[in-house]
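Work through these exercises with the structure open. Each task is followed by its solution, step by step.

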Amino acid sequence: MAVHSKHPASAPPEPPVREKTGHLMLRGWCIFVIFMSLSGTAWVNAFGEPTTAVITIAGGVLSAVLWIVLRPPVQWRRLPWFVVAYVAWATVSLAWSAWPATTALTLLLLWITTLQALFIGSVLTWRELVRAAASALKWVMALSFLFELWVWVFVRAPLMPGFVVEKAEDPIQYWSRNNLFEWDKRIQGIMGNANLLAPVALLAIIVFSIRLASGAPRRTFLWIWIGLSAFLFVRAGSATAYLTAAAVVVVLVTVLLMRTATKPGERSKYYVGYVVVGVGGLLALWLLRDTIFTALGRNSDLTGREGIWEQVLARAAERRWTGWGFATPWVTGDDAFDIRIIDHGQLVMQAHNMWVDVAMQLGIIGVVLLALLYLAFVWRAWFFAIDRPRWDLRADRPYSPLTLLPTLVGAILLVQGLAESSPLLLWGWLFLVMLGAKIKQSPHVGVGPAEQTVAIERGEAVARDHPAGREPGGGGTTASGAVTGGSTAPNRPAGHGA
């Protein structure tokens, strides 16, 4: 007769802790919300503006109700206050807005996106958040490829929004240009815009690579997803995205070098090298812009963007401090919105530079608030990535690949924001707020009230001394990001300057 004791060598193995159905549904909802923000204009192209508006508003209401019902732990003193200040200033601009209807409509989108970002950051652990982002990105990448393939196989002609087949006055109007196997031409994915597809594909490569480095299961499929994302990234052919990818590589290499430092002051040489490479790269880009952009198939004025900036800045100078009223994105259908800039025969719906756009909408005060927001985010994300996890005297805990995500996302948004206004809305704003708030609430992966509550509710043990984050199948941690085996960690996060 077999006899079992409590000794680990003879104790029968326990089955893995199963997640509750409610939490699985919650995570599924978060995946859908992230997917909506990443796919962006795909919803308008497929279903029209009224239907998209209803889905967006209903989604915001549902998340608000779930937040009230679930009541996840929130440290109110550690809210992203610069986000609050920027949203508050945008809201106050309704009082002097030259286009109140546009301001009210776009403010609703800003509020909902901010709410969704804070909601996801509060109900998911770091590991769940990265898994949810990966799942949403898989849907975007897969649907973008299948959509272009469907147009190539069945439609056999460029496709307009609403699944209408007709000839457009300018190719910029097409949802799909039917270019999937025209290797010298660009594809647009479900967004209907190559400049929107490319940064999302770059983000997908980053997230899938982080999942690989974290020891996620089904690694072969992750490599396939990386390959598909790289294909879409290259075929989108966005010059800005290529420069963004270069900046991401520089940031990643610098972070990995910083992590090798073992002595005080050893990081100084890396900082000097980082500054030299960064300043040298910007100087080379400016001096050689004609050659660089010609090689990338673009004009030295970034395909007409300089002309757009001049007109928007001229308008911003008329209300230098407060701006003309929040309008992200521009609602050109509003008669009161009298900025009419034509590019490629179409009305422009953004300034193609987030700083220029904010200067026109919210004035110098808005630009300062946005700059402080990004400064705080980049500062926390940087030290979140390069510092070892530490909340007591122990200083030799291993790094987690998950901590790379915020600083690499910051690099994407900052570089993309020089030629696009997209970081101010949809997935750009959602990831900025979501990751920034998450760092403040849970500055260590698997440690702190916001991280541990989910694990404790599932009956999982949370350890003080955890190994490098490995997914189930990679050893070390549970699916939620908690660490099995050991004593319970203290419910107080340490803060990287937060």
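W99 is buried, at a relative accessible area of 0%. The model is predicted.

**Exercise 1.** Find which kind of aromatic pair W99 and F337 form.

*Solution.* 
1. An aromatic pair is described by the distance of the ring centres and the angle of the planes.
2. Planes under 30 degrees apart count as stacked and over 60 as edge-to-face, so the rest are tilted.
3. W99 sits in the loop between α4 and α5, F337 in the loop between α12 and β1, so the pair ties together parts 238 residues apart in sequence.
4. F337 is buried too, with a relative accessible area of 0%.

**Exercise 2.** Classify the pair of W330 and F337.

*Solution.* 
1. The ring centres of W330 and F337 are 5.6 Å apart.
2. Their planes stand at 45°, so this pair is tilted.
3. W330 is buried, with a relative accessible area of 1%.

**Exercise 3.** Check the length of helix α12, then locate its buried face.

*Solution.* 
1. Helix α12 has 12 residues, 305–316.
2. The buried residues of α12 are R305, I308, W309, V312, R315 and A316.
3. Down the axis of α12, these fall within an arc of 130°, so they line one face of the helix.
4. An α-helix has 3.6 residues a turn, so residues three or four places apart point the same way.
5. The buried residues of α12 pack against α7 and α13.

Note on methods:
Residues numbered from 1 in each chain as written. Predicted model: local features only at pLDDT ≥ 70, side-chain atom pairs only at ≥ 80, totals over all residues. Heavy atoms only, no water. Helix = DSSP H or I, 4+ residues; strand = E, 2+ residues; numbered from the N terminus. Expected span 1.5 Å × (residues − 1). Buried < 20%, exposed > 50% of the residue type's maximum accessible area, 1.4 Å probe, protein only. Arc of directions from axis to C-beta. Contact = heavy atoms within 4.5 Å. Phe/Tyr/Trp six-rings, centres within 6.5 Å; stacked < 30°, edge-to-face > 60°.
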